[in-house]
Structures are given as C-alpha cells and as structure tokens.
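Biologist: Could you walk me through the features of a model like this one, giving the general idea before each case?

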Amino acid sequence: MNQSAVYGELLFSALIAAGIGRGLSKFLDLPRRLPRWNRLLSYLWVPAAVLFLAIAIFKLRSPLIGEGYFLLVLVLLLAVLLAVRYHRPARTLLFAMAPFVLYKALELLLEEPDGKLPKAYDAFMDTTRYFVLIWLITFVFIARSQKKTLEKERLVREEEEKAKRLIEIQNVELERLVVERTAALTTQAEELRGALTELRTTQAQLVQSEKMASLGELTAGIAHEIQNPLNFVNNFADVSVEMLSELREEQARPERDLALEAELLSDISQNLQKIHHHGQRAASIVKGMLEHSRASTGERQPIDLNHLADEYLRLAYQGLRAKDKSFNATLVTDFAANLPQVEAIGPDLGRVLLNLFSNGFYAVRQRQLRGEAGYAPTVSVSTARQGDEVEIRVRDNGMGIPEAVRQKIFQPFFTTKPSGEGTGLGLSLSYDIVTKGHSGSITVNSQEGKYTEFLISLPIHQAG
Amino acid sequence: MQILVVDDETDVRDLFQQRFRREIRNGELQFNFAFSGEEALGFLRAHHSEVLIILSDINMPGMSGLELLGYVKEEFEMPPTTMMMITAYGDDESYRQAMALGANDFLVKPLDFSVLKSKLSQLNS
C-alpha cells in the first residue's frame, strides 16, 4: 500500500470523524450539556494531524493507522455518550454504537499489518459487519425518533411554561388592576359619603327654610288671629271697669236697684271669664307659632285632632287671605264627636294639616281664577274613628291632581307651583311625619278638575 | 237707630251689648248680629230699609266683609246705608279697597268704643 493511500484513508477517517463529531454534538446538544467534551470533540483533527506528521516523518505505510485513528475517535465518542447517558437518545446511541466499536476493535485486532483480514475470519466478520451496521442504523433511527419525541415533549413543556408565565403575568396585572380599582372605588365611596353628608346638610337646611317659609305665611294669619282675642280682652276689660263704677254708683244710691246690681255683677264675672278665654286663645296662638318654628322635640302627647284641625284650618285660611284679599272659600268641618285623643307630636301634625289646607286653598284658588260660573270654593275637613285608628280627611273641590302627578307628589322637591312659590318639600315632609313619625299612612284620591282628598290614618296608640 | 253688626266672632254680641247697654236701655240704639256675610245679607233682605248702619268685619270665612259691602251698595241703595268696616288689618290696601267700594268708615281692631260711640252719635244727630 503506498503512502498516498494511507493519507487518503486517514484524511477520509478524519473527515468522517469530524462529521460524526459535529453531528453528535448537534444531536445531543453538547455545547449545552457537556461544553468541555464538546470542545474536545472539535479537536478530533489534532490526532489525525499528528498521525499525518508521523506518517510523513517516519514514512509509515500501515493502513492500520487510519483505522486506529477511527477507533480512537469512536472510543472518544463512546466516552462522550457515556458521559451523557442520562439523556435517553444518548443511551440509545451508546447501545447502537457499542457493537460497532467492538467490531471495529476486533477488526483492528485481527487485521494483519497490511490491513487485510485473514481468510479464516472473512465469513464471520462479514456477517458480523452486516449485523452491527443494521444494529447501528436501527438504533440511530430509534435514537432520532426518541430525540424527536423528547423535543416535542420539551416544546409542550415550554409552551406550558410559557402559558404559566403568561398566566402569572396576567395574575400580577389583574392583582394590580384590582388594587387600582379598589383604590378608585374607595375614593369614590369617600366622595359619595362626602356628597351624602353634604346633601343631608342641605336637606336639613331646606327643611328649616321650608319651616321658615310656612312660618312667614303663618305670620299674617297669626296677626289676624291674635288681634281678635286682643280686641275682646281690651274691650271686655274696659267695659268691666265701666260696669264696676256703675255698680259703685248704684250702691251709693239711697234706693238701690238690686236686680241691676246682680245683673252687673253677673256680667262682670262673665266678662272676666271671656277675658281669660281670649287671653288663653292668644297665648295658644303664640305658642303654636313658636312650636311651628322650633325643631320637633319628638315628644308625643295626647292630641285632640278635632281641635288641631280646626285651629290649623283657620290659620291656613287667614294666612292665604292675608296675602290675597280677593280670595274667599267656604270652610266645612265635620268633626266626629267623642273622637279619642291620639298620641302624637302636635306641632308636627299641625304642619301636616297646615300643608294640606294650604294646598287645598291653593287648588280652589286656581280653579276660582278660571272664572267658572257658580263655582263655590270649598275646603273641608272631617274626622272619624276607624277601629284602632283615627282618620282625617282633607278635601277641596279645586283643580284636582292628574294621575301622572299624583304618583310624584310625595317625592321631595316635586312641585307644580311656579318657581319660588313652593319648595316641593311640604308633602314629602308631611309624608315623613305621618309615616315615620306616627306610624300612620297618608293617601291621596283625586279627580282632575273636580276634587282632591287626602286621607290621613293615625293609630290611636303608638306601638312600643 | 238700627245697627247690624257682622262678625264671625260670636263674643262680639256680648261685647256690643255691654258696651252699648245704656244706649240699648234708652232705646237709642238697636243691635242685630250676623255671624257671616251670608247671614247678614239674609237679614238685610228680610228687614229691608230698617237697618241704617252696618258694622262689618272684613276677614270672615265664606263671604268677606268687602264682598258684603259690594252687595249692600248694589242691592240696598235706598235708603242709603252707612257701612263701617272693622278689621284686624289696618293696612292701606284694605282701606283703599273698602273706600273704593263705598265704605263710610274704616276702623281697626282692637276696637276703640269711645271713638265708635262718637261716630255713631254724629250719625244719629
């Protein structure tokens, strides 16, 4: 065998070794798994180069050199595979290559120095070669498919990891959003609470101003109501003084008219009672006015509803008359005799009645202004006992309330009056006073253009 | 001299009867009382031409004193009826309105009876 053939074989072996080394490195992902061994694999050409030089220097011609080099490479590869045997395809490759390397080693051992196998082993070695090659190829394919499977699994795992990470990121984002929203909601709740407090304050102020407004309406009525009793107090007092002096004159006479004296005395005594009565009347009007302007004390007392209704009907009427002199109406009262007293907050119920009467007068006034012939404006109030309750009906034959409006009249701030004339709180306050304050009910019944009737039912005894 | 007093306060009757007890005893003045404008009109229709002086409150439920004044001036022209208004409101508006409707006088509550008496005696003479 000439030297060039030896070179050729060595070169061929070196190229195949480099190819296999490169392939194996890629197949097993050696740069990652075994960086050091991988670097070593890239120096597979070095022994080949050394042998090259040896051949050139020592003029070696043995064909065994190339095969020896190849075996060296194979052993090295086996060692690499052994090092990564934890990797299943590597194990399979190890399994695939082992017989092949053994065969190669055996071949090298049995070969004569000229590179030829002795004839005796020919048949055996041929069979064995085929067997190891098929073995090798089969297991290489198996390793490949194993690797593919692993790759797929890895991909799936990676996808899962990715999805997991994504979910984690989303979770973090969600948590951030939740925190953000919670903060926003908390702020909003705070703001709403503030607004609510403000509204409550405003409402309280409006309630107070509504009270003051109705107080203003009342003042005129009260002035009138108070002048009448005062007129009697002054004049009965004066006339009593006159009568007393007349009595003295009579007593001083020699012929006393005893019948006249007795008449004078009885008149004086009667007058004193009248003075007392009208003084009381004035006092109760002033008291009523004070109670009206004062915030409710919430004190329940037995109340004579007939008396209360009568008093406030007059007050409402005079109040309106004071503002509008051309207005007049017929007041009809129908009070149940022996009506039981009701446990109630007098000033509060008075406000309710005043409100209903004022509305009634307003309604008949509106209808009167239309100039219907023969229209007699009438506001009436009646009381009745119904079992454990007392009913008060306030009825007017005014404009009536349309169905659509009727549903809203107890809402706060709802008013049909021109702006500035009504706060829209009168009926809503009345509703609160009757339902919340007295556990009663207030309902309305009306026919448009005919009448309106409010019905208040109050329990005679408050529960609890 | 017949006087009709119109007021929704019933104690007015006692007051006038006591205040004018001497005049009533003398037969100088005769008083009749009506407790609403409607009642007053009814009385006037029934006792036409007897009443010379009407003393009326203005603020009354139902027919007001001013309305009554209007009816009286319209219905009972002859003999001329003297109509005096008595009110708890001494405001200019009521006064102007009463005068425009033909009221002869305008008195304010609390009523000063000495003033009223002198006015009545002036009318009487």
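**Reading the model**

Modeller: We can begin with an annotation: UniProt, in an unreviewed entry, places the feature "modified residue: 4-aspartylphosphate" at Asp57(B), where positions follow the numbering used here, feature names are shortened, and annotations may be inferred rather than shown by experiment. This is a predicted model, in which local features need pLDDT of at least 70 and side-chain atom pairs count only at pLDDT 80 or more, while totals for chains, interfaces and linings use all residues. Residues are numbered from 1 along each chain as its sequence is written, and chains are lettered from A and ligands numbered from 1 in the order in which they are written.

Biologist: Is Asp57(B) buried or exposed, and which residues does Asp57(B) touch?

Modeller: A residue is buried if 20 or more other C-beta atoms, placed from the backbone, lie within 10 Å of its own, exposed if 12 or fewer, and partly exposed in between. Asp57(B) counts as buried because it has 23 C-beta neighbours inside 10 Å. It is found in strand E3 (residues 51-57) of chain B, strands being DSSP runs of E with at least two residues and helices runs of H or I with at least four, numbered from the N terminus. Contact requires C-beta atoms, placed from the backbone, within 7 Å; leaving out residues up to four places away in sequence, Asp57(B) touches Val6(B), Asp7(B), Asp8(B), Gly65(B), Ile86(B) and Thr87(B).

Biologist: How should I read a sheet, and which strands of chain A stand at the edges?

Modeller: Strands of a sheet pair through backbone hydrogen bonds, either parallel or antiparallel, and two strands are taken as paired if DSSP finds at least two bridges between them. In chain A an open sheet of 5 strands, with mixed pairing, has the order E2-E4-E5-E7-E6. Strand E2 (330-334) and strand E6 (441-447) of chain A stand at the edges, each with a single partner strand, so one side of each is left without a neighbour in the sheet. E6(A) runs antiparallel to strand E7 (residues 451-459) of chain A, the two being joined by 7 bridges, and Asn445(A) has Glu453(A) in E7(A) as its bridge partner.

Biologist: How many residues does each chain bring to the contact between chain A and chain B?

Modeller: Chain B brings 21 residues and chain A brings 19 residues. On the side of chain B that touches chain A, helix H1 (11-19) and helix H5 (92-100) of chain B each supply at least two residues, and the largest share, 5 residues, comes from H1(B).

Notes:
Contact = placed C-beta atoms within 7 Å.
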